Amino acid sequence: MSTCSVSKGCFVFKPSAKKRRLSDKTAHDFRCTSNDSEDTELRFVTCQSLWNQIKSETEQIQENLNKQLLDNLVSFLSRSHSDFQEKTTEWTCRMKFREIPTAALVLGVNVTDHDLTFRGLSDILQDNITPYVALLEAKDCPGIKNLMQKLMGQLMKCDINVDSLEDEDSVQVSQNRIRCSMPSLISWYDSVTKKTNSETPSKKRNSSSRHWQSPPVVVIFKDMESFTTKVLQDFIVISSQHIHELPLVLIFGIATSPMIIHRLLPHSVSSLLCIELFQSLSCKEHLSTIIDKLLLTSRFPFKLGEKVLQVLINIFLYHDFSVQNFIKGFQLCIVEHFYSQPLSVLCCHLADIKKRVYSLSHDQCENIRRLPSFRRYVEKQESGKQIELLTNDSFLKIRELHCACLENRVWETEEYESSLQLARMLNKTDLVTMLQQCVEILMSSSEKEFDRAVEKLKEFLTQFQNLEAEASQEQDVSVSPQKELQKKTDLYHLQKTLLELKESRRSKKLTKFEMLRFEVVDYIDSLVRRYLAPADERALHEIAYFNGAAVLRGHLNAAPRTALHTALNSPHWYLKNQALRCDGGGISNKAPDICIVYKLHLECGRLINLVDWLEAFSTVVMAAEEPNADAASSDQVDDVIHARFIRAVSELELLGFIKPSKQKTDHVARLTWGGC
């Protein structure tokens, strides 16, 4: 690469994409700005390690959830490509051969998650099927010419080999000279496939092991609803005329409904497509799996409090349905917890916690004693143990960390009471099935304290099996009341028999099955009250649970008007400069010009006189000037202040606080009220 003269133009040489190395600056910032300087390095390492584990787990979960969808798409491409390779001459095949194979991929309204799905699809296609994959977005394709340029640009980059990267400039120049049209794309594809077929046997064997022979050209429209109708129609019509020369496959990313294809395309165009529908997993099911694998598990020590989890779920349900944003919010909770909680150094796996507990310093032990949950725990202990916990550090360090999986007292909710009433009315089959599920869940846990509960539940199952034999014997002996009623022919005796039957039912004793059923439900209720206690009732729950819902809401729920008012009315809040702070509603002359103008405009009414506004601004700015200032430079200072005022007012207008008034030319209209 060389340039003969700088005067001929500006040349930009982009560096090659390399994997970024993690800088030590992040750890330094975490250490310098942390509330407690002790063990900040260990907290940062623990936070980073925990997030890496959670990140790898979420990626594996998402890969497993999308596996079925991606496998179906690969199978669809295989069937579509086989028709092109066979090149049959039958009339039905030739009629079908004029249609473009098209996959309608319905992904849902969670648009922010679509990129991850398309990246995974593109990687699988490029690794196993074809290197020629293009991802198109509507913002880059306002016209058919732009679409063809984007398409050919992405496809031709696929042809560059790793060994020929030094000739990248010449390849780029040749691409720019190619006319972006369908015949040019076909001739390029023919030359590329012929070049691949004429390679040496070793290279050909390596390439064929990954890609198909004559691989298809896959064009992915990531956001089909955003494409203009004319662009889609022109591209489909042009492509259908050359489909016998180019193995083209289209994939439409759809966020709403498959009917959007027929709304955007007339029948004459949609008939040129051989469409097959694919449905992705629901975003709610996706989120449920994420919560089950990340939060309702003992693999990760970090947990979310009730209000924090509710904030994340509300943002998911009422804003974007984005699983990726939920994971980012979860990551923010982890960082905020390890940043703001000095005792988060103990939020680690059980294999490391014992060593860290015994290495706690006296100051860290004092931080534990200040926790509200620890104070409540101490109040419940005996007087001798209270003194040891409050004064003896070695005695304090043997206390274990208790964690729970629920945030509410579930036994006090109406839903729980309803479920208990329903359980007391279950038949034997459903009740036995429920007990078997409880045994399986408890046996899957590694905790030994559940062994006694498992044995008790197995005893209940054995008792239900013994009831079957007794019930069959009682059924043979008992006489059906309906048969007795059939013997009564007269009305008086019939009424008398019915009343006796009613009274006997009222005073009837509970059967053995009903008594056992009540005993089982009461035992399960006792297990719930014992093991599913709220987290805030556990000692030291602050170490593992993040409860900063207000902090999380401030980060994730955007409030631009409030942020603007805070920045303009209290600039020291964001600039971290206490010299700009002014109590009592005053205005500091050291504040930025736009802050001074903003505070002055809050004191005005609906219309603001620009002359009066300028004079007030000049008074505030010149407040620190000495009275014996050079008079010769007063005019120059006035011009500078005037220019600063005009710029500040223009910025305020750009932010939407004022607008020009048509009533008076030297006035502006105020647009906001209430101070925020």
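These legends describe close-up views of cavities and salt bridges in a predicted model.

**View 1. The largest cavity and the residues around its centre.** The structure holds four cavities of 30 Å³ or more. The largest has a volume of about 160 Å³. Its lining counts 14 residues, and those closest to the centre are Asn66, Asn110, Asp113, Thr117 and His286.

**View 2. Helices that line the largest cavity.** At least two lining residues come from each of helix H2 (40-86), helix H4 (114-128) and helix H12 (283-294). H4 gives the largest share, three residues. By residue class, the lining holds nine polar residues, four nonpolar and one charged.

**View 3. A salt bridge within helix H2.** The model has eleven salt bridges. One of them joins aspartate 71 to lysine 67, with the closest N and O atoms 3.0 Å apart. Both residues sit in helix H2, and four residues, about one turn of the helix, separate them. How exposed is aspartate 71? Its relative accessible area is 36%, so aspartate 71 counts as partly exposed. Lysine 67 is also partly exposed, at 49%.

View 4. Aspartate 234 is partly exposed, with a relative accessible area of 24%. Lysine 230 reaches 60% relative accessibility. The cut-off for exposed is over 50%, so lysine 230 counts as exposed.

**View 5. A salt bridge between a helix and a loop.** The side chains of aspartate 522 and arginine 424 meet in a salt bridge, 3.5 Å from N to O. Aspartate 522 belongs to helix H25 (residues 512-531). Arginine 424 lies in the loop between helix H20 (414-423) and helix H21 (428-443). The pair therefore ties together parts that are 98 residues apart in sequence.

**View 6. A salt-bridge network.** Which residues are joined into one network? Asp115, Glu137 and Lys222 are, through salt bridges that share partners.

Definitions and conventions. Residues numbered from 1 in each chain as written. Predicted model: local features only at pLDDT ≥ 70, side-chain atom pairs only at ≥ 80, totals over all residues. Heavy atoms only, no water. 1 Å grid on protein atoms, 1.4 Å probe; cavity = no way out; pocket = protein on both sides within 12 Å on 5 of 7 lines; lining within 4 Å. Points joined across faces, edges and corners; volume = space filled by probe spheres on them. Nonpolar A, V, L, I, M, F, W, Y, C, P; charged D, E, K, R; others polar. Salt bridge = Lys/Arg side-chain N within 4 Å of Asp/Glu carboxyl O. Buried < 20%, exposed > 50% of the residue type's maximum accessible area, 1.4 Å probe, protein only.
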